[in-house]
Amino acid sequence: MRTFKKFIFFSLLAIVSMITTQSCSRVKVDAGEEAVLVHKPMFFGDGGIDKKPIPTGSQWTWATTDNVNFKIIPIRYTENLNDVASNENTPLDFNTQILIQIQKGKTPILLQNYGVDWYKNNIQETYNNYTRNYVSKYSPFDLMSNRDTLALIDSNILRDMRDYVVELSKKAEFPITIISVITGRAIPNKEQLAEMNNTAAQIQAKISEDRRAEKEEARAKAERKRAIADKAYMNELNLTKDEFIQLRQWEVIENKQGANIDVLVGGAQSMWNVRR
């Protein structure tokens, strides 16, 4: 009889242990996270979001209890904006980033008020609209190369996003902190880049043409000055044109040291071979 009672006792204990084990689940929370429990009792007790988050570590809960893990370290959200119009209606592409941190200990409030998709539903569209609005006020040149312009855009968007969160919190607390905003330099799309390359090629061709014209003009001026100087020299020595040309022939020979020069004098009447 005693043996049978022991058997019944241990059998019941095993059944209770099995039921308890199968009715529980383990919530694991990594470093830099908080977990929020969402209770869903099957028979009795209050359901809903637990007001106290679970910090780093682990905790056993009922199997019917769900959990949502939130990162409480700063998270960088990247947005790729295409065909954003500048003040010249030039379509440009941007890679922008916004750094946001959920306030520690307030993840249950965030889940209760704004849900799991709080960024997508409440931040993303507004952030992109602010970016497009401020970008449209500046020229493509400033958006692609002026650091001061991009810094001013960042500061304006950061201010407006923080004000936006404050306004939302007046209705329902929004426990996040907007840390920073970074608007990358504008990137021309393929069509715009092709047009810019074509324009640059035309500008370079015009510059090369202008430089060639300047060289030709400079050479022409030098030739005119030399002609004027030669004429003045010829008049000063009271030489005829033929005499002056013959004088220049000898000057050429004198200046060409070590050269083998054939000099034609007096038309085709005589040819001198002069070697130094």
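How many helices and strands make up the secondary structure of the protein? The predicted model, in which residues are numbered from 1 along each chain as its sequence is written, contains eight helices and 11 strands, taken as DSSP runs (H or I, at least four residues, for helices; E, at least two, for strands) numbered from the N terminus. Local features need pLDDT of at least 70, side-chain atom pairs count only at pLDDT 80 or more, and totals for chains, interfaces and linings use all residues, while side-chain values use heavy atoms, with hydrogens and water left out. Of the 276 residues, 29% are buried, that is, under 20% relative accessible area with a 1.4 Å probe, protein chains only.

Residue E34 lies in strand β2 (residues 33-39). E34 is buried but forms no salt bridge, a term for a side-chain nitrogen of Lys or Arg within 4 Å of a carboxyl oxygen of Asp or Glu. The nearest side chain of opposite charge, that of K104, is 6.0 Å away. A polar atom of the E34 side chain lies 2.8 Å from the backbone nitrogen of G105, and the side chains of E34 and T107 are joined by a polar contact of 2.8 Å (a pair of N or O atoms within 3.5 Å, one able to donate a hydrogen and the other to accept it; residues adjacent in sequence count only if both atoms are side-chain atoms).

Helix α6 covers residues 147-171. Buried residues of α6 include L150, I157 and Y164. The elements against which the buried residues of α6 pack include β7 (91-102) and α4 (124-135).

Note on methods: Buried means under 20% relative accessible area, exposed over 50%, partly exposed in between (1.4 Å probe, protein chains only). Lys and Arg count as positive and Asp and Glu as negative; His and the chain ends are not counted. The expected span of a helix is 1.5 Å times one less than its number of residues. Contact means heavy atoms within 4.5 Å.
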